[in-house]
Amino acid sequence: MTVNALPQTELDLEVLVARKEAIADDVVRLTFRHPGGEPLPPWLPGAHLDLVLQPGLVRQYSLCGDPGDRSVLEVAVLRERASRGGSELVHTGLHAGDLVRIRGPRNHFPLVAAQRYLFIAGGIGITPIVPMIAAADEAGAEWQLMYGGRTRSSMAFHQELSQKYGDRVRICPRDEGGLPELRDLFATAPEGTSVYCCGPEALLTDAERRHADRPSVSLHVERFSPKENNDPGTEFEVELARSGITVTVPADRSILEVAEDAGVPVLSSCQEGVCGTCETAVLEGVPDHRDSVLTEDEQAANDTMMICVSRACGRRLVLDL
Ligand code: FES
């Protein structure tokens with residue numbers, strides 16, 4: 001996993017929007033090409049791109065195309081009803097022929113090798129799952145997909161998936177049969193199954209609850225929206241070891257903001273704990289992890305933290321910044 005203590009080698013360039021097409025209600029697929037026809041960077045299923053839509057308006061979208069095709073990168077974007085500007089701009093202000101800046105790809109949702117997978121997707125959460133299924137199928141693994149959504153017409157990729165993979169794909173539009181039931185899926189998943197889940201918070205929370213009763217399967221989730229946290233936090237000190245300075249982080253500010261004010265540059269993007277860009281190595285102290293990127297095990301290891309949202313459990317942290 002890339003942390004700020006390591007050299008950042010990710011791509012940061014303008015690409016051409018080669019195609020923009022509606023693929024479901026309120027969902028468009030964007031196909032990017034290099035303006036000079038050069039190959040685009042390699043990626044693996046689960047990776048996402050940053051789209052820099054305007055200065056200060058950066059959004060993360062999962063790659064949903066074929067990792068074997070280096071000539072294009074593809075993302076699918078839902079027009080959010082409560083858009084804070086990003087998806088609205090993609091839908092109304094970005095057109096085929098435009099240039100747009102991208103950063104990444106980054107992958108905090110990698111597909112681990114397994115004999116058996118259970119994929120669970122809700123709505124636009126299907127995007128990282130599409131290339132995962134292709135990879136699992138290609139590897140000869142057993143898998144099934146449970147894909148829920150509002151209506152069939154709002155569910156991107158459902159036809160392609162059903163046509164290609166038949167009854168391994170279960171499509172569950174809410175207006176036809178109600179929300180998918182995860183209890184039985186988890187209860188009947190064979191031991192050792194790797195479960196990958198992406199979608200709205202309620203689905204992820206339900207999956208986490210069901211997983212608590214089935215520790216013999218592994219659960220991997222990806223969140224697009226930040227976890228709720230109403231704890232205001234308290235003031236603490238952070239030593240920025242490489243910079244040789246110590247700063248005080250007040251209760252109402254993030255480590256990221258205070259470090260930048262002190263003249264220490266940190267790569268960041270979402271500033272909500274969902275993208276992983278600001279991941280920073282922890283040298284001493286115990287972080288109060290508030291991100292949606294690190295797994296439970298990674299958080300428990302306390303080796304790194306997302307400094308845009310996470311804080312300190314005690315009075316002091318030492319970071320590799
Ligand atoms: S900037 Fe996205 S996790 Fe911190």
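Start with helix α3: its buried residues pack against α2 (126-138), β8 (142-149) and β9 (169-173). A word of caution before I go on: this is a predicted model.

Which residues of α3 are the buried ones? α3 runs over residues 158-165, and its buried residues are His158, Leu161 and Tyr165. They cover an arc of only 70 degrees around the axis, so they sit on the same side of α3. The spacing fits a general rule. An α-helix has 3.6 residues a turn, so residues three or four places apart point the same way. Now look at the other side of α3. There, Gln159, Gln163 and Lys164 are exposed. And just after the helix comes Gly166, with a positive phi of about 60 degrees.

Next, helix α1, residues 86-93. Its buried residues are Gly86, Ser87, Val90 and His91. These cover an arc of only 130 degrees around the axis, which puts them on the same side of α1. What do they pack against? Strands, five of them by name: β1 (11-24), β2 (27-33), β3 (48-54), β4 (57-62) and β5 (73-78).

On to the aromatics. A search of the whole structure turns up six aromatic pairs. I'll show two.

Take Phe119 and Tyr196. This pair is tilted, with 6.2 Å centre to centre and 40 degrees between the planes. Phe119 belongs to strand β7 (residues 116-122) and Tyr196 to strand β10 (residues 194-198), so the pair ties together parts that are 77 residues apart in sequence.

Trp143 and Tyr165 are edge-to-face: 4.9 Å centre to centre, 85 degrees between the planes. This pair links distant parts of the chain, with Trp143 in strand β8 and Tyr165 in helix α3, 22 residues apart. Trp143 counts as buried, at 5% relative accessibility. Tyr165 is buried as well, with a relative accessible area of 9%.

Finally, the cluster. Which residues form it? Phe109, Tyr117, Phe119, Trp143, Tyr165 and Tyr196 form one aromatic cluster.

Definitions and conventions
Residues are numbered from 1 along each chain as its sequence is written. This is a predicted model: local features need pLDDT of at least 70, side-chain atom pairs count only at pLDDT 80 or more; totals for chains, interfaces and linings use all residues. Side-chain values use heavy atoms; hydrogens and water are left out. Buried means under 20% relative accessible area, exposed over 50%, partly exposed in between (1.4 Å probe, protein chains only). Helices (H or I, at least four residues) and strands (E, at least two) are DSSP runs, numbered from the N terminus. The arc is that of the directions from the helix axis to the C-beta atoms. Contact means heavy atoms within 4.5 Å. Rings of Phe, Tyr and Trp (its six-membered ring) pair if their centres lie within 6.5 Å; planes under 30 degrees apart count as stacked, over 60 as edge-to-face and the rest as tilted.
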